[in-house]
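Here is a report on one protein model. Please keep the sequence and the structure in view while reading.

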Amino acid sequence: MRELAGGFPQGLTYDVPFDTTKFVSASIHEVYKTLFEAALLVLVVILIFLQDWRAMLVPATTVPVTIIGAFAAMAALGFTVNLSTLFAIVLAIGIVVDDAIVVVEGAAHNIERGMSGPQAAISAMDQLFGPIIGITLVLVSVFVPAAFLPGLTGKIYAQFALVIAATALISAINAATLKPTQCALWLRRPVPPEARNRFYRGFNAAYAKLERGYVALIGWLVARSGAAALVAVILIGIGGYGLSRVPTGFLPIEDQGYLLAAVQLPDGASLERTQAVLDRASEIAGKTPGVAQVIGIAGISALDNSASLANAGVAYVMLKDWDARGPGENLRSLVYGLNASLAAISEARIIVLPPPPIQGIGNAAGFAMQLELRDGSSDYAKLQAVTNAVVANAGTQSSLQRITAPFRSTVPQFSVEVDRVKIQTLHVSTDQVFATLASYLGSTYVSQFNRFGRTFQIYAQADAPFRLLPRDIEALTVRNQQGDMIPLGTFAKVSPAVGPSLISLYNLYPAATVVGLPAQGFSSGQAIALMEQIAAKTLPPGTGYEWTAMSYQEKAVGSQIYYVFGLAMLLVYLVLAGQYESWYAPLAIILAVPLALLGPMSVLTGLRIENNLYTQIGLILLIALSAKNAILIVEVAREYYVRDRKPLLEAAIEAARARFRPILMTSFAFILGVAPLVFATGAGASARKSIGITVFSGMIASTCLAVLFVPAFFVVVQRFEDWRAARSRKTADASAQIQEPSTPAP
């Protein structure tokens, strides 16, 4: 348009009043801002724990390397820069620095013990290479099932999952090659703890006290490992049951910078009346604080797939930019306020709705149900009665709001009945009759001509005074085969009638659309379930319903997430079983993963947030993050027990103590890294909050509970594995004695 504007006549300008790309650009900008905030918070956590700026530089260089690699992986996979891929990169910041933190923490600890830089790095990698490989394999295996889900949700899952998996792989390569080299070159003997500043000394004193209390508590728990494991299993059951009771949803409603106001006048209202009402509605909406401008279009029914309808119109209420709005000008307040103010217009029914979360999937947010006639008839009066009954019953439910159905079957019309025998007698064809009606009452393209360097089209249509009354239709003439002009009234009868203004077919059935929103505090999943109950009780035989738009996508997802969750757990188990060469050792890690569910269960229930698509992505991510903490403890505990031959309880306690600091460091780095998502505002805030709150609360629960119960799980599982091994040896020895031949007598 900027190029075309250079050739405009003087005084002619252009404007772009409706631009949906503003929301996309603003959302991506907000995610970029979150990206930098997350990176900064992660580095602050690392500096506080390591208390050495040289040590902080090692994981700090991981962030740009991994992000660049992530964008390279996105290009290789054919992904675009969108919300799903950017969410993956934001969350990956807290994940990719974990390997680097573990390496630098181990090397720094060795340097404190007197080793040189190269020796410290080699010794640290000797101990940590196995956990790094295990964590990486777990991360990749967790997201592989999600990448193969079908449909629209599968695309969203796949982009998120594969970007996370790619960054995890890049992080592992980085941690196994570049990080030890950086540790050997950059790390120096740290300043003695007593010579550090007051903040560091206070932090170390608090941490030492916390570590002593933690080790004492672990000693008490592993001594009662059976009871501790039982308590953990009970907590897992509570978390799983509670999460299953959280209301489900598909995608959260986003503030996309505009609203839809669907206007519908009484049946048979003219376009002029519709325009007048629309102008009045636009004036009221334009004076509302937070509204930038209103674009009204008469003659379009927004709730009927934008079909042409004289008594309907739509107003696009364009809101001010997100940072230009004041208090009380958020999406929910504007929707409720506009619906209340526009209700004063008694000449029409006006409903204000947010746009759908994904452009093109439906016409508005909320649910969309198609009521169908399945008995093979076209009884639109029956369809109207059924639709009215469903809307009336839904209107009595406190968990639903803004229930409406644009379908009307009693619109005033005129029926033109043609005497086909008479038109044959008058040598007039049926096609000529219908073409005449279409041309004079509607319009017909005739030809085109060139003038003044431009092409003009010619349309034929009867002038307005000649198509106002029924008798005007009868006065229209049609030419017969002899060239005579015969009035339509000679062989056609025009009579008043009623019928639907629009005939919609859904899956070839005559259908009526019912739309609405869940009330505040209720999810779209609850609204869909309630509407299904209402339909089951209300619909008579010969009718049925189907879901469309976003509701169809939500129903199609169904319980896929539970299969993905279960398959991810299975793959994690198989990967760990292969690494440990044991079918039992991974159980100590697998049992720790569901403990993270207690966090999302409590927060989602308390805040009344629905379990939507972004929440489910966060739950899948929690599998890998929870397994990571458990792997760090179990890997070291197995080395102490198997390689160093320490007693089982001592090995569990020493492993928990040795890994307590890096677990806290990596967990807090991730938790603070996702904190900007939890407190997100502006464009795309609902999606960022959904995924941020889930992983934030889940990681807090996992960090607090996994470090307590994983040592107990390890003791229980290892005792069972030792018992199985001892029993197998006894069986083998007994079989050998039986098969050994007896010595012959001399």
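Glutamate 635 is buried, yet it has no salt bridge. The nearest side chain of opposite charge is arginine 638, 6.1 Å away. A salt bridge here requires a Lys or Arg nitrogen within 4 Å of a carboxyl oxygen. The model is a predicted one.

Glutamate 635 is found in helix α21, residues 613-643. What does glutamate 635 contact, leaving aside its neighbours within four places in sequence? The contacts are Gly130, Pro131, Gln579 and Tyr580.

Tyrosine 640 counts as buried, at 13% relative accessibility. Leaving aside neighbours within four places in sequence, tyrosine 640 is in contact with Gln127, Arg645, Lys646, Ala651, Glu654, Ala655 and Ala658. One of these, glutamate 654, is 14 residues from tyrosine 640 along the chain. The C-alpha atoms of the two are separated by 8.2 Å.

Glutamate 654 has a salt bridge as well. Its partner is arginine 657, and the closest N and O atoms are 3.2 Å apart. Both residues belong to helix α22, residues 648-678. They are three residues apart, so about one helical turn separates them. Glutamate 654 counts as partly exposed at 23% relative accessibility. Arginine 657 is partly exposed too, with a relative accessible area of 32%.

## Salt bridges elsewhere

How many salt bridges does the structure hold? There are eight. In one of them, the side chains of arginine 280 and glutamate 347 meet at 3.3 Å, N to O. Arginine 280 lies in helix α10 (residues 271-286), and glutamate 347 lies in the loop between α11 (331-342) and β4 (349-353), so the pair ties together parts that are 67 residues apart in sequence. Arginine 280 counts as partly exposed, at 37% relative accessibility. Glutamate 347 is partly exposed, at 35%.

Another salt bridge joins lysine 287 and glutamate 283. Their closest N and O atoms are 3.4 Å apart. Is lysine 287 buried or exposed? Lysine 287 is exposed, with a relative accessible area of 64%. Salt bridges also link Glu372, Arg374 and Glu546 in a network.

## Three loop residues

Alanine 519 sits in the loop between β14 (509-518) and α16 (524-538). The residue is buried, with a relative accessible area of 10%. Not counting residues up to four places away in sequence, alanine 519 touches Ser398, Ser399, Leu400 and Gln401. Serine 398 is 121 residues from alanine 519 along the chain. Even so, 7.0 Å separates their C-alpha atoms.

Most residues other than glycine have a negative phi. Serine 306 has a positive phi, near 60 degrees. Its place is the loop between β2 (291-301) and β3 (307-319). Serine 306 counts as partly exposed, at 41% relative accessibility. Asparagine 507 is not a glycine either, and its phi is positive at about 55 degrees. This residue lies in the loop between β13 (504-506) and β14. Asparagine 507 is partly exposed, with a relative accessible area of 48%.

## The whole protein

The secondary structure comes to 23 helices and 15 strands. The radius of gyration is 35 Å, well over the 27 Å that the globule rule gives for 746 residues, so the protein is more spread out than a compact globule. Along its principal axes, the C-alpha trace spans about 130 × 80 × 45 Å.

Buried residues make up 50% of the 746 residues. The accessible surface comes to about 34,900 Å², and 60% of that belongs to carbon and sulfur atoms. Among contacts between residues at least 6 apart in sequence, 78% join residues at least 24 apart. The protein has 53 positive and 48 negative side chains. The centres of these two sets lie 7 Å apart.

Definitions and conventions:
Residues numbered from 1 in each chain as written. Predicted model: local features only at pLDDT ≥ 70, side-chain atom pairs only at ≥ 80, totals over all residues. Heavy atoms only, no water. Helix = DSSP H or I, 4+ residues; strand = E, 2+ residues; numbered from the N terminus. Rg over C-alpha atoms; globule rule 2.2 N^0.38 Å. Buried < 20%, exposed > 50% of the residue type's maximum accessible area, 1.4 Å probe, protein only. Contact = heavy atoms within 4.5 Å. Areas by Shrake-Rupley, 256 points an atom, 1.4 Å probe, with all protein chains shown as cover. Lys, Arg positive; Asp, Glu negative; His and termini not counted. Charge placed at Lys NZ, Arg CZ, Asp CG, Glu CD.
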